[in-house]
Amino acid sequence: MLTHDIIKEKLTAKFGDQVYGFTEHYGILTFETPKENNLKVLTFLNDDPELGFTFLNDLTAVHYPQRLNEELSVVYLVQNIKEGMRLRLKVFTPITKPDVYTVTGLFATSNWLEREAYDFFGVNFVGHPNLIRIMNVDEMDYFPLRKEFPLEDQTRIDKDDDMFGR
Amino acid sequence: MNQKQNIQLPEGSLGKQTSTLNLGPTHPATHGVFQNILEMDGERIIDAVPTVGYIHRAFEKLAERRPFYQITPLTDRLNYCSSPINNMGWHMTVEKLIGAQLPKRVDYLRVIIMELARIADHLVCNSVIGVDTGALTSFVYVFEFRELIYEIFEEVCGSRLTTNIGRIGGFERNFSALAFSKIENFLKTFPAAMKEFENLLTRNRIFMERTMGVGGIAADRALNYGFTGPNLRAAGIDYDIRVAHPYASYEDFDFTIPVGTTGDVFDRFLVRNEEIWQSVRIIEQAMVKIKDLDPAIYHADLPDFYLPEKEDVYTKMEALIYHFKIVMGETDIPSGEVYHSVEGANGELGFYLISDGGRTPYRLHFRRPCFIYYQAYPEIIRNSMLSDAVVTMSSLNLIAGELDA
């Protein structure tokens, strides 16, 4: 039976202080690692017979404009199918140099998911076989899901909700 | 008029031995906006390059400007063949975030609606495999029952395809007696039609030869490609969110997970048919279970999130305050990160929600099953015939709305 404590113990034994920030969000163990280590950690989680996180559930990016030098976050959600255990790994990267190693060699799933993260957030997945836009047009020269692009036209004055907004 | 056309051919295209074929984006055989640029050697496919994004509507960006309860209509438009499952998945994500406990009756009513949606979705998919192999009859037979399911949705929530069914915390109104009688009528008449559907196709020689050994994928490749739902189970892996990560009291029900062996079109067809039978079983159990529960309960006691009765808003001060707070987005939402997934009709539909305590999500990511497994399509159809590629595509249950989000 795989528990969060075992995972934590094994990861710390292998990577020491390179894995940190262990928290639990609604039943899913979450931790961080420097962005250079993402492939190493995921390979270890994948290859270790006891851990067996061989299934990539989800991969996405998040933009935190206020965090200096770690504006972009790439979030991996891996799962051990047999045990039904999910695990979330986060890496942070500065927006000026958003290079993160690709995990396409490990999970075929991540091919389009990384293209999607690139398309919307501009994360440059180093080593990706075909890193081109997937949803948006090829001519687009910005990354629309970043927070500097507000959804509505900010020059509109007829929809002022200062009275109610937070 | 006799102007010479200056045709620019790509380099090397005059000498090459294969031909390039555009399948889609609007092709009658692809049932949706799918484009594949196929490289053909005669009728054999050597390579395929799928293009996605034709109906991309930026739901994730839109969601960042919308209060939580206004995101439900966006989820309708993901997998529009079974939108109730998407709606419920979103409600449950928010309920998980706010830590709401739901009454059993709400869970069971949700299970009924979700399983009806699953039946409707599987009926579309499986009967369309029949159509693509040249058997239109079976399609017409079962679509009558898809219509009956839509009538049930109409009775419960007022709409049919993009349902926006339920609310955060329960349902918008209680099920009427007519809704229950429609469900009972469906349960009574549907099995005979389903048997007829299976009689028409399952052991049909032409159908078997068109589908067996076509579009197969091995279990390890399917896992590596992130397959979920019936497509993964057809490859032989019994991963079902309803069992692996139960939600909405699915653990109270007795049902089996059908699995296939080869992961080909025929196995996917069989798995979906068996899931339809299992869904009928679950609905029958749920109909019995709700008989013992208080029939007046159809939502949880969540005044901060669940809109009060309109009559109370006009007559009671407290209800008016809650109504105002909900509509103006003044309710406090805990900040946190939630991942909730439901067993959608074509796989694991996940919602990754990051809340910073504001009235809208900080970030919302949809884990759309068919976006993830569609990338295996070139590998699946390589070295097969063009007609097999069409059947394979319909058997994967790709929904353009979900693919492009």
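All the views below come from a predicted model.

**View 1. Helix H4 of chain B against H16(B).** Here helix H4 (residues 104-132) of chain B packs with H16(B) at an angle of about 170°, and the two axes lie 8 Å apart. From H4(B), look for B:Cys125, B:Val128, B:Ile129 and B:Asp132, which meet B:Val390, B:Val391, B:Ser394 and B:Ser395 of H16(B). Sorted by class, this contact has five nonpolar, two polar and one charged residues.

**View 2. Helix H11 of chain B beside helix H16 of chain B.** Now follow H16 (residues 386-395) to another partner, H11 (residues 265-289): the axes of these chain B helices come within 10 Å and cross at roughly 25°. H11(B) and H16(B) are therefore roughly parallel to each other, and H11(B) passes H16(B) in a left-handed crossing. On the H11(B) side you will find B:Val265, B:Arg268 and B:Arg272, and these meet B:Val391, B:Thr392 and B:Ser395 in H16(B). The class count for this contact is two nonpolar, two polar and two charged residues.

**View 3. The interface of chain A and chain B.** Stepping out to the chain level, 46 residues of chain A contact 48 residues of chain B. Together the two chains bury about 4,100 Å², with 56% of that area on carbon and sulfur atoms. Five salt bridges are found across this interface.

**View 4. A salt bridge between B:Glu337 and A:Lys90.** B:Glu337 pairs with A:Lys90 in a salt bridge whose closest N and O atoms are 2.3 Å apart.

Note on methods
Residues are numbered from 1 along each chain as its sequence is written. Chains are lettered from A and ligands numbered from 1 in the order in which they are written. This is a predicted model: local features need pLDDT of at least 70, side-chain atom pairs count only at pLDDT 80 or more; totals for chains, interfaces and linings use all residues. Side-chain values use heavy atoms; hydrogens and water are left out. Axes are lines fitted to C-alpha atoms, for helices over the stretch in contact, and angles run from 0 to 180 degrees between N-to-C directions. Helices (H or I, at least four residues) and strands (E, at least two) are DSSP runs, numbered from the N terminus. Angles under 35 degrees count as roughly parallel, over 145 as roughly antiparallel, 65 to 115 as roughly perpendicular and the rest as oblique. A crossing is left-handed if the near helix is turned anticlockwise from the far one by less than a right angle, and right-handed if clockwise. Contact means heavy atoms within 4.5 Å. Ala, Val, Leu, Ile, Met, Phe, Trp, Tyr, Cys and Pro count as nonpolar, Asp, Glu, Lys and Arg as charged, and the others, Gly among them, as polar. Buried area is the accessible area (1.4 Å probe) that two parts lose on being put together, summed over both. A salt bridge is a side-chain nitrogen of Lys or Arg within 4 Å of a carboxyl oxygen of Asp or Glu.
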